[in-house]
Amino acid sequence: MKIAISSEPKLLHILRGVIRWQARELGFSEADTDCLALAIDEAASNVIRHTYGGRPGIMLSLEIAVYADRLEFILEDSGPKVKAESIRPRSFDDVRPGGLGTLFIQTYTDTSCYDASYGEGNRLKLVKFLPGKAPERK
Amino acid sequence: MTVQLRKINGVSIIDCTGEVDLYSSTELREVLLKEVRSNPLSVLVNMSEVSYIDSSGIATLVEGLQLSRQTKTRFGLFGLRSNARSVLELARLNKVFHLFPNEQEALEKISSTEPFAGL
C-alpha cells in the first residue's frame, strides 16, 4: 500500500488513520498502535517542517509493506538531501521543547534506516516487528 | 481538534479536545500563550479529551510552562490519558509539569503549587 499526500500538516491525520488501521489488523494493542502512529507521524512531520521548510504543495509518500514478521514503512520525499548524522534523538536527560520527534521515532519503531543512496530526495525506512515476532536479543 | 477557554474562580481552564498534531498545535499555542500572557493566577489545560499528542503539541505545552514562569502564573495539566502520559514520561517531562488526575483535584491543588516549578 502506498499513500501520497501534499506537504500540509492538516493531512497528517490521513497517514495516522491508515497506520492505525493496518496495525490493528495485524493484532497490535491499542497502546502499540498509538505509538506506531506517533512514530510515523513524527517522521512525516519532520519532512514537512524541516526537509520542505514548511512549504505546502510538495508531495511525500508513505509505503506500508507487511511481511510475515514485520511491518515496514518507507517514507519518501523530494526535498534536499538530509545529512544522516543530523538525524539524532534528543538526549534522554535533555529537557526542552522541540527535538522530541526523532526520540519518538527511534523508541517506537524497532529499526530506522536512512537510505543515503536514494536518488533524488530522501528515503527513510522504519521497521516494526509484529506482536510476538521480534527476534530474541542475544 | 477544538480548544475552548473557561474560567472558574480566577483559574483559566483550557479544554482541548481531539488530536494535537503539527497542524492543530498552532491553535492550542495561540490560545494557551495568549491566556498565560493575560497573567491569571493559574492556567490549567484539560487533557482528558486529547486522544493523541505529538512532539509539536508537547513543545506547545512546554512553551506555555516556560512563559508561565515569566508571568508568575501557576500552570498545570489534568486528565492525561495513558498515551499522552507515556510520551511525557518518555520525554522526561512528567516531572516538569504539575499533573493532576482530574479537574476537581487540579482546582483544589493548583493554588498551593510553586508557580515557577519546572524548566
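Me: Why is the meeting of the A:Arg16 and B:Glu19 side chains called a salt bridge?

Reply: This is a predicted model. In it, a nitrogen to oxygen distance of 2.6 Å joins the side chains of A:Arg16 and B:Glu19. The cut-off is 4 Å, from a Lys or Arg side-chain nitrogen to an Asp or Glu carboxyl oxygen. The pair A:Arg16 and B:Glu19 therefore qualifies as a salt bridge.

Me: How many salt bridges are there between chain B and chain A?

Reply: Three. Polar contacts between chain B and chain A come to six residue pairs, both residues at pLDDT 80 or more.

Me: Which elements of chain B give two or more residues to the side that touches chain A?

Reply: Strand 3 (42-53), helix 2 (55-71) and helix 3 (82-90) of chain B. Helix 2 of chain B gives the largest share, six residues.

Me: How do you know how many residues take part in the contact?

Reply: The criterion is heavy atoms within 4.5 Å. The contact takes 22 residues from chain B and 27 from chain A.

Me: What area do chain B and chain A bury between them?

Reply: About 1900 Å², with 64% of it on carbon and sulfur atoms. On chain B, the trio B:Leu22, B:Tyr52 and B:Leu90 supplies 32% of the area buried against chain A, more than any other three residues.

Me: Which residues are closest to the centre of the second largest pocket?

Reply: A:Ala31, A:Asp34, B:Ser82, B:Asn83 and B:Ala84, out of 14 lining residues. The pocket's volume is about 230 Å³.

Me: Which element gives the largest share of that pocket's lining?

Reply: Helix 3 of chain B, with five residues. Helix 2 (30-51) of chain A and strand 3 of chain B each supply at least two. The lining divides into eight nonpolar, four polar and two charged residues.

How values were computed
Residues are numbered from 1 along each chain as its sequence is written. Chains are lettered from A and ligands numbered from 1 in the order in which they are written. This is a predicted model: local features need pLDDT of at least 70, side-chain atom pairs count only at pLDDT 80 or more; totals for chains, interfaces and linings use all residues. Side-chain values use heavy atoms; hydrogens and water are left out. Buried area is the accessible area (1.4 Å probe) that two parts lose on being put together, summed over both. A polar contact is a pair of N or O atoms within 3.5 Å; within protein, one must be able to donate a hydrogen and the other to accept it, and residues adjacent in sequence count only if both atoms are side-chain atoms. Helices (H or I, at least four residues) and strands (E, at least two) are DSSP runs, numbered from the N terminus. On a 1 Å grid over the protein atoms alone, a cavity is a set of points where a 1.4 Å probe fits but cannot get out, and a pocket is an open set with protein on both sides within 12 Å along at least five of seven lines; lining residues have an atom within 4 Å of a point. Grid points are joined across faces, edges and corners, and a volume is the space filled by probe spheres set on the points. Ala, Val, Leu, Ile, Met, Phe, Trp, Tyr, Cys and Pro count as nonpolar, Asp, Glu, Lys and Arg as charged, and the others, Gly among them, as polar.
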